[in-house]
Amino acid sequence: MASSFRHVGIVVDDCNKYLPIFQDCLELTLVSDELEQGDFIDHLLGASDIRVRVVKLCDRRMNVVELIEFENNQYQDNKVEVNTLGITHFALNVEKIDAVICKLEQHNAKRINTPKINQSNECKVAYVAVGNSFFIELV
């Protein structure tokens, strides 16, 4: 059976802080904003008494990003570096990379580098850090 990509989930300390980045800068569309709690989410996450806000946004191809905010939880702020083991970034195709970077910087994202044409001369690519939590590769 073939697999297909469903979504990426990003745990954040405040969904409202990140929504402008994904909606205004990256032009993703809000799909849902729900509080999840009860037996299913407790079972899924292997914990008890979970209350989590899940905001789903999608691009024009219906690829989904979930912003996940746990209620009444102390977050462990692990600074992610480009060489941290595990998932560190996701990549998005954008139409005007320089304009998108400028918008992201207005929301306190940090440019890691200036956009540069990749080695195969196919596209311009840049990395942007969003807080200490993750990177977005813009293509």
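Leaving out residues up to four places away in sequence, Leu-67 touches Ile-10, Val-12, Cys-15, Tyr-18, Leu-19, Phe-22, Arg-53, Val-54, Val-55 and Leu-57, where a contact means heavy atoms within 4.5 Å. This is a predicted model, in which local features need pLDDT of at least 70 and side-chain atom pairs count only at pLDDT 80 or more, while totals for chains, interfaces and linings use all residues. Residues are numbered from 1 along each chain as its sequence is written, and side-chain values use heavy atoms, with hydrogens and water left out.

Leu-67 also belongs to the largest nonpolar core, which holds 27 residues and in which Phe-22, Leu-26, Leu-67, Leu-104 and Leu-138 touch the most other members. A nonpolar core is here a set of buried Ala, Val, Leu, Ile, Met, Phe, Trp, Tyr and Cys residues joined through side-chain atoms within 4.5 Å; buried stands for under 20% relative accessible area, exposed for over 50%, and partly exposed for values in between, with a 1.4 Å probe and protein chains only. Two or more residues of this core come from each of helix H1 (15-25), strand E3 (51-58), strand E4 (64-70), strand E5 (89-92), helix H3 (97-106), strand E8 (124-130) and strand E9 (134-138), and the largest share, six residues, is given by H1. The helices (H or I, at least four residues) and strands (E, at least two) are DSSP runs numbered from the N terminus. Apart from this core there is a second, separate one of six residues, including Ile-41, Ile-50, Val-52 and Ile-68.

The whole protein has three helices and nine strands, which follow one another along the sequence in the pattern β-α-β-α-β-β-β-α-β-β-β-β. Among its contacts between residues at least 6 apart in sequence, 53% join residues at least 24 apart, and buried residues make up 34% of the 139 residues.

Charged side chains come next. Side chains of opposite charge can pair when their charged atoms come close. Nine salt bridges are found in the whole structure, each being a side-chain nitrogen of Lys or Arg within 4 Å of a carboxyl oxygen of Asp or Glu. In one of them Arg-53 pairs with Glu-69, the closest N and O atoms being 3.8 Å apart; Arg-53 lies in strand E3 and Glu-69 in strand E4, 16 residues apart, and the pair links distant parts of the chain. Both Arg-53 and Glu-69 are buried, and together with Asp-33 they are linked in a network of salt bridges.

By contrast, Glu-95 and Arg-60 are both exposed, and their side chains meet in a salt bridge at 3.5 Å, N to O. A further salt bridge joins Arg-111 and Glu-105 at 3.0 Å, N to O; Arg-111 counts as partly exposed because its relative accessibility is 28%, and Glu-105 counts as partly exposed because its relative accessibility is 31%.

The side chain of Glu-137 does make a polar contact with the side chain of His-89, at 3.1 Å. A polar contact is a pair of N or O atoms within 3.5 Å; within protein, one must be able to donate a hydrogen and the other to accept it, and residues adjacent in sequence count only if both atoms are side-chain atoms.
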